[in-house]
Amino acid sequence: MSVKIFRNFSEIATLAGAHHKDGRRLNHEDLGLIKNASIVFDQERILWVGEDKHLPDDILEKEYPEINMTGKTCLPEIVDSHTHLVFGGDRAKEYSMRLNGATYEEIANAGGGILNSMLGTQALSRSELLKLANARAKTIKAYGIGTIEVKSGYGLTFEKEYELAHIIHDLKNILRPDIQIINTFMAAHAVPKTFASSYEYMKEVVLPLLDKLGEEKILDCVDIFHEKNYFSDEDVVSLFERAKRHNLNVKIHADEFNDNNGAVLATNFNALSADHLLATGPLGIEALAKSQTVATLLPGTGLFLGKPQANARAMLDSGVKVAIASDFNPGSCHCDNLILLASLSAPIYKMSQSELWCAITLNAAHALGLHSQGAIVVDLKPRFSIFNTDSIDRITYNWGKNLAN
Ligand code: NIG
Ligand code: FE
């Protein structure tokens, strides 16, 4: 095992306290800020962390390779736990239509929306889609984001959704270990017009395809758009039961347009996360607080669609584990920069600094079932995000400026 030492970061945020408290009810101390800090690690795990002047002699004696990090800042790896980055075409016209007064729902009902991106995606070959997805993942990595969840869901036929799941699998193999990709199956994203109901589409496409991909063991998670005109409670239950048979984690797009009890449904199935939650009321918040399900907020979507944002403060004050992700997709949030979105939304959500950083590191990792990363703590994985600036303050202060190493 080759051991290395990162020496003398100007500042690190270990998130040790947040890790200890499972990402809930955080104070400023839970950021675990250390000035002039060093980290000793091998490929598998963190071996030591602390002030450089306290580096133990028995480590220094071994003369491991050292990298000087003076002037830089280190955090647990930043994780984008919700993206839809495999798609063809764009929806710039729809964005302008919305600026001119149309709603997302009106555009979708008129043939735009997810079904429009389905056509753009179906028009591209497997290799064209892989090339696009690869370039998008590398752009995200260049912001300092090392783990990216990628959902399928713009194919919407058995064959194309099968292909998309394999594109994400290929992406995972091409990009590891620098970028860690999580493969989420989301054929239940919209119902194509050729099916009479969501039930028919689930029965003919989604469930049999989940069985096939489940047997191939290339998936990490399963997701569904639980919303009026998309997928019902019954669809969610049938999908989640089938996912459990294949030992797959489940996630849900919940309460985006209406409070449909999506958050409660998520907790009933011990989902890794319930995402969006713009309309979630007190019952959903209470259920989340009592559960391990992470509430993943997607501020870019609220901003892009001009909708009121999720009630983050009520969630945080009730002890919910809150993550923030980009929701990068062609229709409801065409922004791939999670650090920008998190910086922009912290004042909207009235989130403190510890809540904000935990939301894009530890809690975002937990939203993907990655419990062995998310803090700079001995024995956790050595996955870090490093920035060319001397304090974490400067990262969120510089809106939209890329300070990644
Ligand atoms: O997370 N809500 C469902 N899926 C995406 C929207 C995708 C689209 O509009 O293309 C979302 O917002
Ligand atoms: Fe989404």
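P177 is found in the loop that runs between helix 7 (158-175) and strand 8 (180-188), where helices (H or I, at least four residues) and strands (E, at least two) are DSSP runs numbered from the N terminus. The structure is a predicted model, in which local features need pLDDT of at least 70 and side-chain atom pairs count only at pLDDT 80 or more, while totals for chains, interfaces and linings use all residues. Residues are numbered from 1 along each chain as its sequence is written, chains are lettered from A and ligands numbered from 1 in the order in which they are written, and side-chain values use heavy atoms, with hydrogens and water left out.

The bond between R176 and P177 is a cis peptide bond, with omega at about 5 degrees. L156, in the loop between strand 7 (145-151) and helix 7, has a positive phi near 60 degrees although this residue is not a glycine. Most residues other than glycine have a negative phi, and most peptide bonds are trans.

The iron ion (ligand 2) is coordinated by H82 (NE2), H84 (NE2), H253 (NE2) and D327 (OD), at 2.0 to 2.3 Å; donors are N, O and S atoms within 2.8 Å of the metal (3.2 Å for Na, K and Ca), and sites may look incomplete because water is not among the atoms. H82 lies in the loop between strand 6 (78-80) and helix 3 (92-99), and D327 in the loop between strand 13 (322-324) and helix 14 (338-349), so this pair ties together parts that are 245 residues apart in sequence.

Around ligand 1 there are 15 residues, of which R91, Y104, Y154, H189 and S332 come nearest, a residue being near if one of its heavy atoms lies within 4 Å.
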